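Subject: Handover of a protein structure

Dear colleague,

Please find below the structure that I am handing over to you. My notes on what was found in it follow directly after.

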Amino acid sequence: MTEGILIGGLVILGGLVASYMKTHPFYSHKTQKYKENYQRKLQDILSHTYDSTDAYWLSRAIADNIFDFGTRTYRDYHVERYEKRAKSERPHLFEMHVEEPRILCERLTERAIELKVPIGAFSMHMRYLWQEYLVPVGRLTPASVDRLPGSSLYATELKNLPVSQEDMQIFMHKTGQA
């Protein structure tokens, strides 16, 4: 009898946790897996410099900023504590080779489509990431972005971002694409 009550309680508790996870903004998007994958890779890299707790929360703050287009989709005290340090780490991300720029560009475009990010916000965010050598824009925009369902406005915006020949050469050199 006691075992039945214990098992029943665990099943109910598991159901409550599962329903919470479905409603929490952190888990409500299909492209969340891209953000989590990026965060895990970044955490592994940062764990060589920071202790495990700092590496986790710092990687989470950076991944949130990149994949949520500079806005907060949920509130988390721990992540917010690391946002200042995340801004100082961002200029060094391209040196860490967390994700290939072409792939990151595709995933961010797919996420923007899912989150229905306004084109202006998307453009500005991608421009910042371009300046940090994380994503290709302009004539370097990957052709695969065009093939994403619903990407026409986003792909056009990426391709129309002004990029000089010199900037493209610097980007290609710094990202190892030269």
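Please keep in mind throughout that the model is a predicted one.

The overall picture

The protein contains 10 helices and zero strands. Read from the N terminus, its elements therefore give the order α-α-α-α-α-α-α-α-α-α. Of the 178 residues in the protein, 40% are buried. The accessible surface amounts to about 10,300 Å², and carbon and sulfur atoms account for 57% of it. When contacts between residues at least 6 apart in sequence are considered, 70% of them join residues at least 24 apart.

Helix H2 and its two partners

Helix H2 covers residues 32–46, and helix H3 covers residues 52–67. How do these two helices pack? Their axes are 8 Å apart and form an angle of about 140°. H2 and H3 are therefore oblique to each other, because an angle has to be over 145 degrees to count as roughly antiparallel. The crossing in which H2 passes H3 is right-handed. On the side of H2, the contact is made by Tyr34, Lys35, Tyr38, Gln39, Leu42, Gln43 and Leu46. On the side of H3, the residues include Ala55, Tyr56, Leu58, Ile62, Ile66 and Phe67. Sorted by class, this contact has 11 nonpolar, four polar and three charged residues.

H2 also meets helix H7, which spans residues 101–115. The axes of H2 and H7 come within 9 Å and cross at roughly 140°, and these helices are therefore oblique to each other as well. The handedness of the H2 and H7 crossing is left-handed. Here Gln32, Tyr34, Lys35, Asn37 and Tyr38 of H2 meet Leu104, Arg107, Glu110 and Arg111 of H7. This contact divides into three nonpolar, two polar and four charged residues.

Is glutamate 89 buried or exposed? Its relative accessibility is 13%, so glutamate 89 counts as buried, the limit for that word being under 20%. Glutamate 89 is found in helix H5, which runs over residues 83–89. Leaving aside residues up to four places away in sequence, glutamate 89 touches Leu46, Tyr50, Leu58, Ile62 and Met96. Among these, Leu46 also takes part in the contact on the H2 side, and Leu58 and Ile62 take part on the H3 side.

Glutamate 80 has its place in helix H4, residues 77–81. With 30% relative accessibility, glutamate 80 counts as partly exposed. From C-alpha to C-alpha, glutamate 80 and alanine 61 are 7.1 Å apart in space, while they are 19 residues apart in sequence.

Residues in the loops

Which residues other than glycine have a positive phi value? Lysine 116 is one of them, with phi near 55°. Lysine 116 is found in the loop between H7 and helix H8, the latter being residues 119–131. At 68% relative accessibility, lysine 116 counts as exposed.

Tyrosine 133 also has a positive phi, near 65°. Tyrosine 133 lies in the loop that joins H8 to helix H9, residues 152–160. Its relative accessible area is 22%, so tyrosine 133 is partly exposed.

Valine 163 is placed in the loop between H9 and helix H10, which covers residues 165–174. At 16% relative accessibility, valine 163 counts as buried. Which residues does valine 163 touch, not counting those up to four places away in sequence? They are Trp130, Val137, Gly138, Arg139 and Met168. For tryptophan 130, the C-alpha to C-alpha distance from valine 163 is 9.6 Å, and the two residues are 33 residues apart in sequence.

With kind regards

Note on methods:
Residues numbered from 1 in each chain as written. Predicted model: local features only at pLDDT ≥ 70, side-chain atom pairs only at ≥ 80, totals over all residues. Heavy atoms only, no water. Helix = DSSP H or I, 4+ residues; strand = E, 2+ residues; numbered from the N terminus. Buried < 20%, exposed > 50% of the residue type's maximum accessible area, 1.4 Å probe, protein only. Contact = heavy atoms within 4.5 Å. Areas by Shrake-Rupley, 256 points an atom, 1.4 Å probe, with all protein chains shown as cover. Axes fitted to C-alpha atoms, helices over the stretch in contact; angles between N-to-C directions. Parallel < 35°, antiparallel > 145°, perpendicular 65-115°, else oblique. Left-handed = near helix turned anticlockwise from the far one by under 90°. Nonpolar A, V, L, I, M, F, W, Y, C, P; charged D, E, K, R; others polar.
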